[in-house]
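Hi,

Here is the structure I promised to pass on.

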Amino acid sequence: MLNRITIMGRMTRAPEIRHTESGKAVANFTLAVDRDHNRDETDFIDVVAWNGTAEFVSKYFRKGSMCIVSGRLQMRKYEAKDGTNRTAYEIVADSVYFGESKRDGA
């Protein structure tokens, strides 16, 4: 079985980094990704990065940065504040790459 995904898009906000109680870094961000067949439609995809990848993302990326994320798709179920059951889909990033040169993104 294979669970591998690669997407390219722009960050909708600066990455939010925090640390777990055990000291592991975790960064959350969202990418706006256009659909190939229809540039008028955009998907907003949540991404979570851990440890060194989280530190890298928080140091070098900001709102509007173009980046390429490679990782796996994860589904989480949780209970919302209003008591309803919800499902969240996100990419757990293994690697994050620059999607444009510094000159282009400056």
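Let me start with a definition: buried means under 20% relative accessible area, exposed means over 50%, and partly exposed is in between (1.4 Å probe, protein chains only). By that rule Met75 counts as partly exposed, because its relative accessibility is 46%.

Two bits of housekeeping. This is a predicted model, so local features need pLDDT of at least 70 and side-chain atom pairs count only at pLDDT 80 or more, while totals for chains, interfaces and linings use all residues. Residues are numbered from 1 along each chain as its sequence is written, and side-chain values use heavy atoms, with hydrogens and water left out.

Overall picture

The protein chain has 2 helices and 6 strands; these are DSSP runs numbered from the N terminus, with helices being H or I of at least four residues and strands being E of at least two. Reading from the N terminus, the order is β-β-β-β-α-β-β-α. The C-alpha atoms fill a box of roughly 45 × 40 × 35 Å along the principal axes. Of the 106 residues, 30% count as buried. If you look at contacts (heavy atoms within 4.5 Å) between residues at least 6 apart in sequence, 56% of them join residues at least 24 apart. The chain exposes about 7400 Å², and carbon and sulfur atoms supply 49% of that; accessible areas come from the Shrake-Rupley method with a 1.4 Å probe, and for residues only the protein chains shown count as cover.

The core

I took a nonpolar core to be a set of buried Ala, Val, Leu, Ile, Met, Phe, Trp, Tyr and Cys residues joined through side-chain atoms within 4.5 Å. The largest one has 17 residues, and the members that touch the most others are Met11, Phe29, Leu31, Val47, Cys67, Val69 and Val96. At least two core residues come from each of strand 1 (5-11), strand 3 (25-35), strand 4 (38-50), helix 1 (51-60), strand 5 (66-79) and strand 6 (85-98). Strand 3 gives the largest share, with 5 residues. Leaving aside residues up to four places away in sequence, Leu31 touches a list of residues including Ile7, Met11, Phe44, Val47, Cys67 and Val69.

On the surface

Back to Met75, which is found in strand 5. Together with Leu73 and Tyr89, Met75 forms a nonpolar surface patch with about 310 Å² of accessible area. Patches are made of residues with over 30% relative accessible area and no salt bridge, where like charges are joined within 9 Å and nonpolar side chains (Val, Leu, Ile, Met, Phe, Trp, Tyr) within 5 Å.

Aromatic pairs

Rings of Phe, Tyr and Trp (its six-membered ring) pair if their centres lie within 6.5 Å; planes under 30 degrees apart count as stacked, over 60 as edge-to-face and the rest as tilted. The whole structure has 5 such pairs. One of them is Phe56 with Phe98, an edge-to-face pair at 5.6 Å centre to centre and 70 degrees between the planes. Phe56 is in helix 1 and Phe98 in strand 6, so this pair ties together parts 42 residues apart in sequence. Phe98 counts as partly exposed because its relative accessibility is 46%. Tyr60 and Phe98 are edge-to-face too, because their ring centres are 6.2 Å apart and their planes stand at 80 degrees. Ring pairs link Phe56, Tyr60, Phe61 and Phe98 into a cluster.

Salt bridges

With a salt bridge defined as a side-chain nitrogen of Lys or Arg within 4 Å of a carboxyl oxygen of Asp or Glu, the count comes to 7. Asp94 and Arg4 meet at 2.6 Å, N to O, and that pair links strand 6 to the segment before strand 1, 90 residues apart. Arg10 and Glu100 form another, at 3.5 Å. Arg10 sits in strand 1 and Glu100 in the loop between strand 6 and helix 2 (102-105), so here too the parts tied together are 90 residues apart in sequence.

Which side of the cut-off does Glu90 fall on, buried or exposed? Glu90 is buried, because its relative accessible area is 9%. The salt-bridge partner of Glu90 is Arg76, at 3.0 Å, N to O, and Arg76 is partly exposed because its relative accessibility is 36%. Finally, salt bridges with shared partners join Arg35, Glu41 and Asp43 into one network.

Cheers
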